[in-house]
Amino acid sequence: MIKRLLDLAELQDDSLFLWGARQTGKSTFLKQKYPDARYYDLLLPREYQRLRRNPDLLIDELSLADEGELVIIDEIQELPILLNAVQWLMVNRGLRFVLCGSSARKLKRVGANLLGGRALRRQMFPLVSAEIPDFNLVRAVNNGMLPRHYLVENAQQRLQGYVGNYLKQEIEAEALSRNLDVFSRFLETAAQTDGEIVNYNNIATDCGISAKTVKEYFTVLQDTLIGYMIPAYTKVMQRRLIKAPKFYFFDVGIVNSLVGRRNMQPGSADFSHAFEHFIIQEIVAWLGYSNSDRQLSYWRTASGYEVDAVISEPGGNIVAAIEVKATGEVQSRHLHGLKALGEEHPAAELIVVSLDVRPRLFNGVKVLPAHDFLKRLWAGKL
């Protein structure tokens, strides 16, 4: 059985928004963890229609609830007007809420009541390695980590359906339906440059649209939690640094589907790209679930030295620098970026995540097989 690592201990005293891309498992998690909570599912047509016609029904029904009782409203972005009733019930009836959804974009767009800081914000990510007994790395790199995708042998059709549903549901909701072909082309181009430094002008040329439109489309992907930007590390010590961000889709399986990668095995270039994305995906989830104030970035100099992931304290001091290499034996040529960074940040832990058989120390760099790195990551030993 899969036990999710998301910790909502704050619910003892507070309400919260729980965001997460579609099919990350938010609803299943909440129903299992809080089986006695009152539950409103706004994807159910009958529930949606009756509350849409009369939002005050929420107040009427929950006025009978006990003080401190927990109420879950799923897909809250479908009816932003309910947030006024939610705030009244929090203030006047002392109720606690989990307000669950796949995007805060619609709430922001209509100027919805975001509860004036009365609700915390948490995010659910796809599955992570530490949640899965007998975790299979090759399956994860191929299928991605959405529960419905990871848990089957071949997720190709499910991945295609996911992308299609995203285009239909999320993008039509963004009033982009007239430009659906253009956005679809942008989505494919964004997947082809996944994990690379974002160049708005190049993507605009490939898609036949303006750079301004490309920036707007990237904002849509971020606001609907389909992707995120990883910033560049910009605290200059000696070398001049690149400052443009990188973009990653939230799940490697989505990228695989968009670019046509399938049945990848270690040793191929496609596996190498997907493997790097997967490791970044795990680091992002770890930082999110640990509520850490540490920051994730990448490091690249103008002369071409690069490190895939840098974890730093809020003041900018680098805790760990991580290079990802899908090779069975790390060589000296794989260490150039880490060694260059280490010269400027001698306190940083230097790590290569690889497919080596055993961990080892190599020229001052820790070479960690992927499974060892992931166990160490989720044990909080980074």
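Helices α9 and α11 are roughly perpendicular to each other, a description applied to angles of 65 to 115 degrees, whereas angles under 35 degrees count as roughly parallel, those over 145 as roughly antiparallel and the rest as oblique. The structure is a predicted model, in which local features need pLDDT of at least 70 and side-chain atom pairs count only at pLDDT 80 or more, while totals for chains, interfaces and linings use all residues. Residues are numbered from 1 along each chain as its sequence is written, and side-chain values use heavy atoms, with hydrogens and water left out. Helices (H or I, at least four residues) and strands (E, at least two) are DSSP runs numbered from the N terminus.

Helix α9 (residues 180-192) packs against α11 at an angle of about 75 degrees, with the two axes 11 Å apart; axes are lines fitted to C-alpha atoms, for helices over the stretch in contact, and angles run from 0 to 180 degrees between N-to-C directions. In this packing, Val182, Phe183, Phe186, Leu187 and Ala190 of α9 meet Val214, Tyr217, Phe218, Val220 and Leu221 of α11, where contact means heavy atoms within 4.5 Å. Helix α10 (residues 200-207) also approaches α11, the axes coming within 8 Å and crossing at roughly 100 degrees, and α10 and α11 are therefore roughly perpendicular to each other. This contact is made by Tyr200, Asn201, Ile203 and Ala204 of α10 together with Ala211, Val214, Lys215 and Phe218 of α11.

For helix α11 itself, the 13 residues (211-223) should span 18 Å at 1.5 Å a residue, and the end C-alpha atoms, 18 Å apart, agree with this; the expected span is 1.5 Å times one less than the number of residues. Val214, Tyr217, Phe218, Val220 and Leu221 of α11 are buried, that is, under 20% relative accessible area, with exposed meaning over 50% and partly exposed in between (1.4 Å probe, protein chains only). Seen down the axis of α11, the buried residues fall within an arc of 150 degrees, so they line one face of the helix, the arc being that of the directions from the helix axis to the C-beta atoms. Lys215, which lies in α11, counts as partly exposed at 44% relative accessibility. Just after α11, Leu225 takes a positive phi of about 65 degrees.

Elsewhere, an open sheet of 6 strands with mixed pairing has the order β8-β9-β10-β11-β13-β12, two strands being paired if DSSP finds at least two bridges between them. Strands β8 (295-300) and β12 (360-362) stand at the edges with a single partner strand each, so one side of each is left without a neighbour in the sheet. Neighbouring strands of the sheet are turned by 30 degrees against each other on average, direction ignored. Strands β10 (residues 318-324) and β11 (residues 349-354) pair in the parallel sense over 5 bridges, and Ile322 has Ile351 in β11 as its bridge partner. Helix α13 (residues 269-289) lies across β8, β9 (306-312), β10 and β11, running at about 10 degrees to β9.

In the loop between β10 and α14 (336-344), Lys325 is partly exposed, with a relative accessible area of 26%. Leaving aside neighbours within four places in sequence, Lys325 is in contact with Phe275, His334, Val352, Val353, Ser354 and Leu355. The C-alpha atoms of Lys325 and Asp308, 17 residues apart along the chain, are separated by 9.7 Å.
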